[in-house]
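Subject: Structure handover

Hello,

Please find the structure below. My notes on it follow.

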Amino acid sequence: MSRFQTLSELVRHFLHRERWVLLPLLGVLLLGAVILGVSTGLSQVAPLVYALF
Amino acid sequence: MDLWTAAASRLSLRSPARVAARMSAFARAERGSQLDMLLAASQTQDLTLASQFLRHAHDESRHARAFANRARELGEDGWIHADGGRLLRQLGPAKFLAFVHQGEARAIQRFLVIQDTLTQNGDTRSAAIFGALLDDETRHASYTRTALDSVAENPAAELRNARRWSLWQGYRRLTASTAKGLHDAGAWLLYLSLFPLAFWLRWVRPVRSGWVESAPERGPQ
Amino acid sequence: MSGGYHDAAAALVVDGVLVGALQEERISRIKHDPGLPIGAALALLAQEGLSPQDVASVFFHEDPYAHLERVLLWSLRSFPKGLKAFPQAMRKQLGSDLWVLDSIAEGLGIPRGRIHKGEHHRSHAASAFLCSPFEQAAILTVDGVGEHHSTGLWQGQGAQISCLGQLELPHSLGLLWAGVTGWMGLAVNRGEHEVMGLAAHGQPRFSDVFERWLTQSEDGSFEVDPAPLAWLSDPERGFGPAMEAALGPARAFNARWSLQDPDFQLRADVAASLQQRTNEVLLGLATALHERTASPNLCVAGGVALNCRAIAHIQAHGPFEQVFVQPAAGDAGGALGAVLSGLGIRAPMHHAAWGVCCDAGRAQDLATELGMKVERVEDPVQRAAAHLAQGQALAWVKGRCEWGPRGLGNRAILASAADEALGVRLSTQVKPRAPFRPFAPIVSNTSFSEHFEGRPDLCTPFMTTLRQSRNDLSPATTHVDGSARVQSVGPKDALHEVLAAFEKESGQSVLLNTSLNGPGDPAVARETDALAWLMAHPGTPMLIDDLWIQT
């Protein structure tokens, strides 16, 4: 749950006028990070995920 | 297994540059192990075992230096940067001892093969380094086994657990490396596709020189 | 806490009083540990009889979101040169740095809500000012880069700090030093102090190059030409082809130094040129800051503040009456600044012994178990002095380990400063180092002016400045130009009595002092580290409190 606090602080930081230009890049990167993070997490219980990924 | 190890050893040591790279890898491994043993000594109340860990750390430090010096002679930079030190906390005393024991026993086998290969290749200086470490490795394998027998209720089960953990770590390294490759390829593609944004950014967020306005008064958040 | 880049550290305040400060490397035994200082925090808490659950708040020294913003911004600004480093940077940012506040909460086992972010340069400014003896001061922060900024002018009053202005990337003195350090074949973020030492051997014949690369305006702000640097495209080396074109080919990484090398003088001249330009620019910054604050006091922090040669230059030629640099002026100090500014308290620093203790009782048991000769001595000070007067080196361990990168008398290798041969033996066998790097002299306040120019000041107890030696001290403790990183000790310092007894025994009042560590290792902190050092250096006895230990 604590990660949601970080994500919400991150979004608030990037909603600033000078920074919104970086939001699309951040979005794509975070999506990539989530995919990798989820697959890393899944690998604890389902180690074949990586072999298929 | 021996034939396979010998073939792999010949392949990985077929040129001085490869021997140097292997020496550097061993130097890093020994340095990492030194950190594990040093921290294990500081976390172990039993004086006999703590002193054995300290002796072990001292040996690993010598080994790391010997490998790094030889790597340097063969053209590597000799820089040792290793991570380590968390194993005892992570595994607990019995599994830690089982893991170290297996690692040392495996090192003896591997060092013998490498020593043999290097001698056949005529690199007697490198071969001598491995030869000189064998006594230490044998002592390490022996004391960790004795300590394991006194610490663990079921030493054989701990050895099996350690073996499984070791295999699992190997698998995780492999998957992490695959994930890293996928991530990096994706990141490169993303980066290259961003060139319009890169040029736009130069316009909307230009580099600023000179004193920028004071940051707003901020406390911790 | 500070960490995630290099020199992770933790500082602990209990009921409004600073009770400890410790770098993670002293616990993890990984020099300049770049991780998070969980081990250091747990060790400090344990020393106070506390558990993580007792922690009300943790203040982290910087803002991870602004940090990520800067990395994204510069990755794009440097397009397409940033291609090589982009995946690695993203792995580090999105894999760990972004979640640093969560990782701290998880590492300590406390709620995430108790972790607060700070601001990198404000933490530096606080680490300098709130630990100083000044109620009011001008504050200069200079390093490689914080979130966006490399340099800051600040003003401190009571426990408040206000920002007067900051410089943004790419204008960074620290990154210019990092680039030259890489060009010298030294590790970036680790070898900068060696470049500073090398400067004593050179002549600034490349000053025109550095004047071109580093230009300064009347208001003190400066600009750095990014062309010779490569902190985005090649962060491990930090320099690009333009630097080699101007200064010559880079030195091989980690190559051994020799004064006889044909290119040694070239390297020394480059170091001297960079040092000279740094002195000029820092003096310009200090002068501009003085004009804006009219304060007689200056505090300096950030990695560049560890350049004691530049600090000495500000002291000698700057407009300030007093200058203060605390011992952990680099990123480690950010931990201290973060907690002091977070709580809004002052903690004037009179000594550097803020780390963990060495347990002499356990050291005795362990040393005995290891088959070492252990002896309890009645008068350890006298025994140490007599041993040193016989021309022998001694490993000295007393009280808590030091805060900051320097050995300041609690974990030290000591020897007579007059014995040249012993100095050579120390620098080749006991603590191998580049031949141009002397050890440091240590002297009591009362004998200071006899051997060094000027008087002890706020920096000399922490070895954060240089002084010219007046007489012929051994080259083991002075640079070739006669300058020395001298430490002054007062009556309350651990080594004061040893210096007095040594003077009685030998007629000399200066000792050689260097931190107690092996090559590539962090300084000794606890008893196991001390005994590990002793095993690696069997010829040198060690005194831990009143325990005399020999292998």
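How many residues of domain 2 of chain C are in contact with domain 3 of chain C? The count is 16 residues of domain 2, in contact with 14 residues of domain 3 of chain C; two residues are in contact if their C-beta atoms, placed from the backbone, lie within 7 Å. Before the rest, some conventions. This is a predicted model, in which local features need pLDDT of at least 70 and side-chain atom pairs count only at pLDDT 80 or more, while totals for chains, interfaces and linings use all residues. Residues are numbered from 1 along each chain as its sequence is written, and chains are lettered from A and ligands numbered from 1 in the order in which they are written.

Domains of chain C

The domain assignment gives domain 1 (9-119), domain 2 (168-324) and domain 3 (360-550) of chain C; such bounds come from an automatic or database domain assignment. The C-alpha centres of domain 2 and domain 3 of chain C are 29 Å apart. On the side of domain 2 of chain C that touches domain 3, helix 12 of chain C gives the most, with five residues. Helices (H or I, at least four residues) and strands (E, at least two) are DSSP runs, numbered from the N terminus.

Contact between chains C and B

Chain C puts 44 residues into this contact and chain B 43 residues. Strand 7 of chain C has the largest share of the chain C side, seven residues.

The sheet in chain C

Eight strands of chain C form an open sheet with mixed pairing, in the order 12-21-20-13-14-19-15-18. Two strands pair if DSSP finds at least two bridges between them. The edge strands are strand 12 (373-376) and strand 18 (487-489) of chain C, each pairing on one side only. Strand 15 (residues 440-444) and strand 19 (residues 510-515) of chain C run antiparallel and are joined by four bridges. In strand 19 of chain C, C:Leu512 is the residue opposite C:Pro441.

One residue in helix 3

C:Tyr65 belongs to helix 3 (residues 64-77) of chain C. C:Tyr65 counts as buried because it has 20 C-beta neighbours inside 10 Å; a residue is buried if 20 or more other C-beta atoms lie within 10 Å of its own, exposed if 12 or fewer, and partly exposed in between, with C-beta atoms placed from the backbone. Neighbours within four places in sequence aside, C:Tyr65 is in contact with A:Glu9, A:Leu10 and A:His13.

Regards
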